[in-house]
Each structure stands twice: as structure tokens, then as C-alpha cells.
Amino acid sequence: MFDRLTIRIFIIFSLTIAFFLFLIITIPNLDSRNLTYVSDKEKNTGLVLAANIENVIVKVPKNSFRWWMRFIVAMDNLKRPGQFLYILTPSEQIIAPDTSNIDIVRNFSELTSKSSSPAKKIYDNLEIIGPFLIPYSDESYHLYIVQEVFDTQSQFVNLIFDHPFLLLALTMIASTPLLLWLSWSLAKPARRLKKAADQVARGNIQEWPELEKFGSSEFKATGMSFNHMLRELKRMQELQQRLLSDISHELRTPLTRLQLAASLSRRKYGETKENERIEIESKKLDLMIGELLSLARQQYANNEIKAPHQFNRLLKNVLDNATFEAEQLGKSLNLSTNLPEKSILCYPQALCSAFENVIRNAFRYSHQQIDVSFKLSNEQLITTIDDDGPGVADHELQQIFRPFYRTSEARDRESGGSGLGLAIVANAITQDNGEVYAEKSHLGGLRIVIILPLYHKS
């Protein structure tokens, strides 16, 4: 039953309240200034002192002149150093050699008047003990002993005991670490579930068996449902991948026949505009099928291992190939800075392919110049690729990363693009927890900005 989250919270809450009540009720009783009973030794000492005073005054008639002076003389002679003796008469008059502590004696006498059960109480640095019975002239007189006490509690402790709300506040502060630990332990399964959900959001679709083993029964049931959802999601992705592969195979078979028929027609009837158009469109269809499969594999069947790689080593071959291609095309490729020697956590092949696609797009649409630059900012590596081509309209800058989106038919006919290249780039960058977007370039064409987080060993 304790495995249920509701029961666990209720029990912890009840124990916490009980703990607070226990402290609030118990702690004030620890105040050394409270009225307490005397020990046997203290009681015997008081009884002996009362008996000695009685022996002195028993022969003094009460009606004699200034009979109470004999009490004062007896107390002066019998008291020990540091002691003050006081006698309370039946008429509640106080007889004492020293009147400085009469208020203490009067207050204490109101708290206890039973000589059969002497008590004691501390007032600041003074301790009062009593009452002890002194019979005199058929009446009961009470002896009280006031003496210094050196083992007193501090003024700060007195302040705490005298202010209940301060005591409650200190109790809550003292119990805060325990409550924080309890809160942390209750929330631990939720943090584990969030961590698993974050991994799934990054495309890491794998089961988390520990979600079904730890935590309360509610979290275990949620973990089972979560893992079941992941299994179904993975099964659906496999079915989708299989469907795309089957469609690709089925489409490419008639496409191959179409290309063969176009080739035979060209041989039989010669080169015609119709045959030329059929060949162009079949090549575009073949390219589109290939890129669509590449996007599907990248999204759902990425067999690469995500690992840290040094950025300058990772992109060196891509830029070397781009430099060679620029020379062949007679275009100018400018690398503004050296590659940063920083590490990033990525899928290496997919990321290199994404950079290669962006740079080749820049070559395809540029007139003469392509600029590639790198910089570090706020633990991020920012790459910009600029070209001096025709660019893209402002309202289309956010749309060009959508699959099959093309800006204009004329441009597509010139480039032979399928509308999937930048979608593949965006998917690859997103898988590496990065960001990619487009904006106007200072060269007059298009600028692609790729932002990747730096990797630090934990």
C-alpha cells in the first residue's frame, strides 16, 4: 500500500505534522526556568535548615517585643554564603534580612504553597527553593531559600522559549532539509520521466526499463505506458520506412522502363523535344525519390552514433571539396576565418552532408561569389554561408526548409531541384540540437545560418 503515491504523500504529510506538534509541545518543557521538583538532597538540605531555625525560635514567645527579629538573626547565622533566606508568615508577610528578592519570593509562593512537595524555579541567575515548614506558636511558617545558580541557559534560549512563533519558525527551518529531501525523493521519478521524454524529443526512440522499476505505482504504470508508446512509435516508424522502401522500389521499376522506352524512342525516331522533356522529368523524378528516401532514413533509421567530434577535423574534407569544386566552376569561395578547434556532439555523416548541401546550393544559385564564415558566441558555433545569387523573397525565407517547397517554377527548371535538399539540412541540424534559418545576404543573395551548441565534457 505504501507504494501508492497518494498514500505515501498522506503518510509523509501526517508524520510531518505530528513531528511539528511533538516539538511544539515538548520543547517548552525543556525550559530550565519552569517549575520543577527538588531532588532528595536539596529537600534534605532545606528540611535541616528549617529544623535549625525552628530550634532557635521555639523558645521565643510570639507576643514578646519584636519577636520576628529572632527569625532574622537565626537566618543570618544559619545561611550559607550566596544564600538568602525568607520566611512567609501565615498572614503572608515576608520576614527577611535582605529585601532585594521579595518580589521573586512572592511570585514563587503563589505557584507553590505545599510544604510537603517543595519545588524550585530559576529567575535569571537566581534559584529559589521551597517551601519548607517551620512550626511556630501553633501556626505554619514557610521557609524559602534563594541562592545563585551558575549553570543557566543563555539569553538566546530564553528568547526562544518566551516567543512561541520564533520557536515555530526555528523548528520549521531545522526541518527544512528533511522536507526538501522528501520532496526530492518524491519528484525523482518525474525527473526520470522528463529525461526520457527529452531524449525521445531529440529522436532517441528507445525504451527505458528503469521507468517501470522505480518510484510509486502510479509512476511505474506511467513508465509502462510510456515504454508501450515508444514501442508502438518505433513499430510505426519501421512500417513507414518499409512503406517508403516499397514505394521506391515500385516507382523505380516503371521509371526505369520509362527511361528505357525514351532511349529506344530516341534511337528509333531521333532526338525530339518530347523525348528530351521525358528524360529531364524522369531524372528529376529519380532524384526526388532518392532524396525522399534519404530524408526518411535520416529521420527514422539513422544508424549513426551521436558522439563528440572536433569541428575543424569534421568539416575539413567538405571545405576541401568545395574549394576544388569552386575552381572547376570558376567561382570565388572565400573562407573568412580558420575553422574553430571546438568539439560538437553530432551525427558526423549527416552533419557533413548538411553542410555540403548548403554549400552546393550556394554554388548552384550564385553568380560568382560564395562566402563561408565561422564564429563563436555564447557557447555556440555559428556558421554563415552567403551567395550573390538572386536570393529568396522575404515571405519565403521560413518556407524553404519545408519538404517539396520550391520558390518558383523557373528556378526549379534551371536548377533541377526537388525541394527536399534544405529539408534534409534542417532535419540533420535539428538532430544535433542545432538551429538553421535563412536571411538576406550582404552579397545580395541568400544567407544560410547554422548554429550548433558546443560540447563540454561533464
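**Reading the fold**

Guide: Let's start with a pair of helices: helix 10 and helix 12 cross in a left-handed way. A crossing is called left-handed if the near helix is turned anticlockwise from the far one by less than a right angle, and right-handed if clockwise. Helices (H or I, at least four residues) and strands (E, at least two) are DSSP runs numbered from the N terminus. Before we go on, please note that this is a predicted model, where local features need pLDDT of at least 70 and side-chain atom pairs count only at pLDDT 80 or more, while totals for chains, interfaces and linings use all residues. Residues are numbered from 1 along each chain as its sequence is written, and side-chain values use heavy atoms, leaving out hydrogens and water.

Visitor: At what angle do helix 10 and helix 12 pack, and which residues make the contact?

Guide: For the geometry, axes are lines fitted to C-alpha atoms, for helices over the stretch in contact, and angles run from 0 to 180 degrees between N-to-C directions. Here the angle is about 145°, and the axes lie 9 Å apart. Contact means heavy atoms within 4.5 Å. Helix 10 contributes Ala 350, Leu 351, Ala 354, Asn 357, Val 358 and Asn 361, and helix 12 contributes Gly 421, Leu 422, Ile 424, Val 425, Ala 428 and Ile 429.

Visitor: How many helices and strands does the protein chain have, and what share of its residues is buried?

Guide: The chain has twelve helices and 13 strands. Buried means under 20% relative accessible area, exposed over 50%, and partly exposed in between (1.4 Å probe, protein chains only). By that rule, 37% of the 458 residues are buried. Among contacts between residues at least 6 apart in sequence, 62% join residues at least 24 apart.

Visitor: Which residues touch the most other members of the largest nonpolar core?

Guide: A nonpolar core is a set of buried Ala, Val, Leu, Ile, Met, Phe, Trp, Tyr and Cys residues joined through side-chain atoms within 4.5 Å. The largest one has 42 residues, and Phe 311 and Ile 450 touch the most other members. Elements giving it two or more residues include helix 9 (311–329), strand 9 (343–346) and strand 13 (446–453). Helix 10 supplies the largest share, nine residues.

Visitor: Which residues of helix 2 are buried?

Guide: They are Gly 46, Leu 49, Ala 50, Ile 53 and Ile 57. These residues sit on the same side of helix 2 because they cover an arc of only 100° around the axis, where the arc is that of the directions from the helix axis to the C-beta atoms. Their cover includes helix 3 (68–78), strand 2 (83–88), strand 5 (126–136) and strand 6 (139–148). On the face turned away from the buried side you find the exposed residues Asp 40, Lys 41 and Asn 55.

Visitor: Where does Glu 127 lie, and is Glu 127 buried or exposed?

Guide: Glu 127 is in strand 5, and its relative accessible area of 10% makes it buried. Among its contacts beyond four places in sequence are Glu 42, Lys 120, Lys 121 and Gln 147.

Visitor: Which peptide bond is cis, and which residues have a positive phi?

Guide: Most residues other than glycine have a negative phi, and most peptide bonds are trans. In this model a cis peptide bond joins Gly 130 and Pro 131, with omega about -5°; Pro 131 lies in strand 5. Asp 138, not a glycine, has a positive phi of about 60°. Asp 138 lies in the loop between strand 5 and strand 6 and is exposed at 85% relative accessible area. Asn 378 also has a positive phi, near 50°. Asn 378 is in the loop between strand 10 and strand 11, and at 72% relative accessibility Asn 378 is exposed.

Visitor: Where is Ser 373, and what is in contact with Ser 373?

Guide: Ser 373 is in strand 10 and is partly exposed at 23% relative accessibility. Beyond its neighbours within four places in sequence, Ser 373 contacts Ser 336, Ile 382, Thr 383 and Thr 384. Along the chain Ser 373 and Asp 386 are 13 residues apart, while their C-alpha atoms are separated by 8.7 Å.
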